[in-house]
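This report goes through the parts of one model in turn. Please keep the sequence and the structure in view while reading.

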Amino acid sequence: MSSDLNGARPGGTTGSEALIASVPSAEPATAAGPKGMAGLAGRWWAISETLTAYSFLAPTIAFFAVFMFLPIGLGFWLSLENSSGFGVSTFVGLANYRAMIHDPIFWKTLGNTAIYTILTVPSSVLIGLAIALLLKDEFLRGRNIYRSFVYFPMVISGVATAIVGGWMFNENLGVADKFLAAVHLPTIHWQSSSFPAMMSLVVMTLWTRVGFNMVIYLAGLQNMDSSYLEAAAVDGAGPWRRFRRVTWPMLGPTTFFLVVMNVIYSFQVFDLVYVMTGGGPSNSTNMLGVYAYQQGFIENQQGYATAIGMALFVLVLAFTAIQWRVSRHRDLA
Amino acid sequence: MNQPRALSRRQFLAASGLAAGALGVAACGGSSAPKSKKSGPATVTFTTWAGAAEATAFKQIVTAFEAANKSIKVNLDIVPYAEMFQGIDAKLQAGDAPDMFRVTYTNLGIYSSKNVLLDMTPYVDSAFISQFQPAYWSAISFKGKPYGVPHQTDTTMLLYNKDMLDAAGVTSVPDTLASTWTWEEFLAVAKKVQAKLPAGHYAFMYDWAQTGAFRWLSWLFEAGGNLLNADLKTPAINSPAGLKAIEFTQSFFTEQLVPKNTSTGNATYPDSLFPAKTIAMAFAADFLLPGDIASAAKFPYAATFQPRDVTVSSDLGGNGIVGTNQSKNPEAAAEFLKFLVSRQSQQTFCEQACELPTRKDLVDATLNWTVRPDLMKMFVQQATVLTPFQVEQVTIPAFGSINTALQNQLDAAFVGGQSASTTAANISSAVSSATAASA
């Protein structure tokens, strides 16, 4: 993962750049050589190189076409139909999208997804960074054990995590309220009040996601050239200034990657919500992915569910594009 | 000694291409080659979800069927409930559906109305149909045609913790349908029990969580109301009876007689709170008995009937087993479906899985249920009060959407502060949209 990030760094040469650079090298031969056989050979060589490039790319192109672009295209077509997922479907044009615009639960789930994303992404990225900074020191004894503890929740199935969370935050029987009662604090209605229910999801999300963010930041930190930090220290910069002016900017591509990945994870959250809160109370923790599932597989409105899926796709795509542009400008600045 | 010759890139690509081409040709040859003609028994696939007790019962029934019908082999395909209907829907769409599958009565309408099920008309006669209680035969029928068999049912009764009721001074609990509590009597008991309970404990809860929202309709039917008019299209819930049922059930929350997290929008079920003594009474379905309730409730408990208002009522839990019209062996599938609901098979299944029969001749029979047969006999009686018209209302093709509306609107009424009149009006309009969309 970290080598990909380094490859994307400004100033680095990526594999694709090298490939592109190699193709025009045919040009001088064509231009310099006499017209006739040499020109034809040059052109033939250029075509042959292009074909070779595409033949290497073909498996990837075929894979993406079959498993990504084709399903997206078919999904868009399904979103224009009134379909229960089986039997006869009827073409309804943009009716599903019009229904979506007038559906208050769609807007509520969109708002919930945005709130959940805001509550989970910055916190999980920053906590991941903080833990990575704490555990990066190679002289720290038992650091691998600490790292394993933080990473461990990541390898547990999402459904299992959600079942554990459901029991922990059960407001009648769960340990969260039992603990609060034991220390004489007021108990919280984790399941029947909107904001606490959302917070219970956020806590379980952080528990699972911080480990991944920590590992990626650790990779970023280990790849950082320590001479910059040493130079800053020699120049009299304190720990905070060294972090703020050297470490944080140099981790820019890592942060960019993590923010994009975490936003996608948050927008696509499903198993945790479906199992832990079921979207309740009163749809206050219902998210776009869960709502699409409910529409598609419980209400058998697969055309409408796919329209919600397309909206989710466009939102994530737009966010990634914006983030990409902003990040590129920042790196170039 | 000869060194192995190094393979150049071109040679490797050429060899790979040849190999791939050869494989392609072989594959084409394979697909066009005549298939060996099938001989031996016809195989039919039956896809179902099943708890441990249900799986054992299904396997036993399949073995008995195959012994009695040597020319048919049944492939029992048990899948997790969570994946059941995504799988069935995808297979129906792909033309690769199993010959038979299990489906809840409340979801059966979406399949029977889409012309994907096996019409059982040629395989059943009036003598066969007359073996079943009319309400359950109606549950598997659409526009007068049967699309499966009514396999079993389940329903809700009120379980109570004897010690907690004794402590509250409630010593007499009805044990017959005729003497069941009225709504007012039940509410008075609940308040009396609640008064004796410490904080964080509640008088009761109802099993209407999530997709169980339809179980609330018992209150509507008890109040003399209906969800739909006789045309099964126009809503009938926005009525005095509808308002009464909503207001009465709303009062469970406003009077704090039930935990706040047991609304229709939560995922809290009675088999966790009742054994933990968080609640003194639980409206719970019979299929919960063999699981956590039997194993974890370490106190004496019993059951009583649902309270009555204008009338007594119940809810339609349970499942039908349907055939699909993609079946290559419809006769064999129909034969197995009929075997599943024969007296012996239904009795075996109900006894082992603690479920209720749909056959008339088993309603009054003595079944040897594995868990609490004394309570199961009462559940059988409770299930008999549902009328065919009430069954028709919860098995229309649009009921999936209506159930979601019930879940959302009742949740808003119970814990969201929404008035009963707005709730009735909103459910009413959701019913109209859903029935119009599925027309």
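In chain B, domain 1 covers 42-154 + 317-386 and domain 2 covers 156-315 + 398-438; such bounds come from an automatic or database domain assignment. This is a predicted model, in which local features need pLDDT of at least 70, side-chain atom pairs count only at pLDDT 80 or more, and totals for chains, interfaces and linings use all residues. Residues are numbered from 1 along each chain as its sequence is written, while chains are lettered from A and ligands numbered from 1 in the order in which they are written.

Taken over C-alpha atoms, the centres of domain 1 and domain 2 of chain B are 28 Å apart. Domain 1 of chain B gives 23 residues to the contact and domain 2 of chain B gives 21; two residues are in contact if their C-beta atoms, placed from the backbone, lie within 7 Å. On the domain 1 side, the elements giving two or more residues are α4 (105-112) and α16 (373-383) of chain B. The most comes from α16(B), with seven residues. Helices are DSSP runs (H or I, at least four residues), numbered from the N terminus.

Between the chains, 21 residues of chain A are in contact with 32 residues of chain B. The table gives two sides by class.

| Side | Nonpolar | Polar | Charged |
|---|---|---|---|
| chain A, touching chain B | five residues | 14 residues | two residues |

Ala, Val, Leu, Ile, Met, Phe, Trp, Tyr, Cys and Pro count as nonpolar, Asp, Glu, Lys and Arg as charged, and the others, Gly among them, as polar.

In chain A, Trp107(A) lies in helix α6 (residues 104-135).
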